[in-house]
Amino acid sequence: MHDGLKALDAALAVRRTPLRLFLRDDDAGWRDDRLLALIDATTALGVPLDLAVIPCACTPALARVLVGRLDATPGLLAVHQHGFAHLDHGAGRERRCEFGTGRDLAAQRDDLLQGRRLLRESFGDRLGNLFTPPWNRCAPQTPALLAELGFAALSRDRRAPGETDLPEIAVDIDWCRLRREGVSQLDGMAAALARAIEEVGDVPGPAGAVGLMLHHAAMDADDLGLLSRLLQRLRADPRVHCVSMGQLLADVPEAACD
């Protein structure tokens with residue numbers, strides 16, 4: 001066994017409970033061909049995939065295809081809101097951000113409501129009540145606004161500043177960043193997953209889940225092959241449960257959502 005796979009086995013061996021792993025794919029609305037290829041790959045393996053959909057980028061044609069996939073594979077595909085137009089409004093004041101400190105809450109509110117309206121027109125009650133901000137960041141005031149508008153959870157990078165307005169379903173591993181850094185083998189991805197498992201710890205609820213963030217538009221056939229090999233390995237391990245973000249949200253105590 002290679003070092004990365006050994007590390008993954010060791011990280012799973014010391015857990016008291018199975019690891020819950022979820023996949024969040026960002027930027028649905030861009031590169032539909034690659035999006036559908038990713039959906040095909042995860043569906044074939046029986047692994048749930050959560051799509052963060054850009055409201056202004058999701059065409060009627062894509063929405064019809066996704067609705068068909070959602071209805072045909074219950075539990076294996078889900079959609080939720082990913083910003084509004086995926087535009088940077090930082091104007092040089094901060095890192096790229098669509099819902100950052102450079103925008104007042106009235107403008108953010110308009111985008112959030114318009115985006116939700118567009119997605120509900122396309123997906124109806126299939127639309128999940130989650131929000132992923134573009135670039136995994138938002139202003140400190142945004143979570144409270146999301147809660148006010150009825151969103152049930154926020155998904156960002158685990159290193160994002162803490163907030164108490166909404167439950168968070170955090171991502172831990174940036175697939176495309178690892179690939180840019182030269183990770184191209186199963187062993188390297190296993191090592192990254194082992195590190196994430198150790199950092200997250202064995203805690204209950206969504207906080208104890210590990211999130212793998214994907215960007216299908218930047219993923220080629222080699223990425224899909226490598227991802228499939230990793231997921232096959234994980235699916236064969238009874239210590240790993242591949243779950244959806246909706247399943248994790250269902251585990252949040254009701255008081256935490258008030």
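Which residues of α4 are buried? Before selecting them, note that this is a predicted model in which local features need pLDDT of at least 70 and side-chain atom pairs count only at pLDDT 80 or more, while totals for chains, interfaces and linings use all residues. Residues are numbered from 1 along each chain as its sequence is written, and side-chain values use heavy atoms, with hydrogens and water left out.

Select helix α4, residues 105–123 (helices are DSSP runs of H or I with at least four residues, strands are runs of E with at least two, and both are numbered from the N terminus). Gln108, Asp111, Leu112, Gly115, Arg116, Leu119 and Phe123 are buried there (under 20% relative accessible area, with a 1.4 Å probe and protein chains only). Viewed down the axis of α4, these residues lie within an arc of 125°, so they line one face of the helix (the arc is taken from the directions from the helix axis to the C-beta atoms). Their cover includes β2, α3, β3, β4 and α5 (142–148).

Next, inspect the two ends of α4. At its start, a side-chain oxygen of Asp104 comes to within 3.2 Å of the backbone nitrogen of Ala106. After the helix comes Gly124, with a positive phi near 60°.

Then select strand β3, residues 77–82, where 5 of the 6 residues are buried. Strand β2 (residues 49–53) runs parallel to β3 and is joined to it by 5 bridges (strands pair if DSSP finds at least two bridges between them). Here Asp50 has Ala78 as its bridge partner.

Thr132 in β4 stands opposite His82.

Definitions and conventions: Buried means under 20% relative accessible area, exposed over 50%, partly exposed in between (1.4 Å probe, protein chains only). The expected span of a helix is 1.5 Å times one less than its number of residues. Contact means heavy atoms within 4.5 Å. A polar contact is a pair of N or O atoms within 3.5 Å; within protein, one must be able to donate a hydrogen and the other to accept it, and residues adjacent in sequence count only if both atoms are side-chain atoms.
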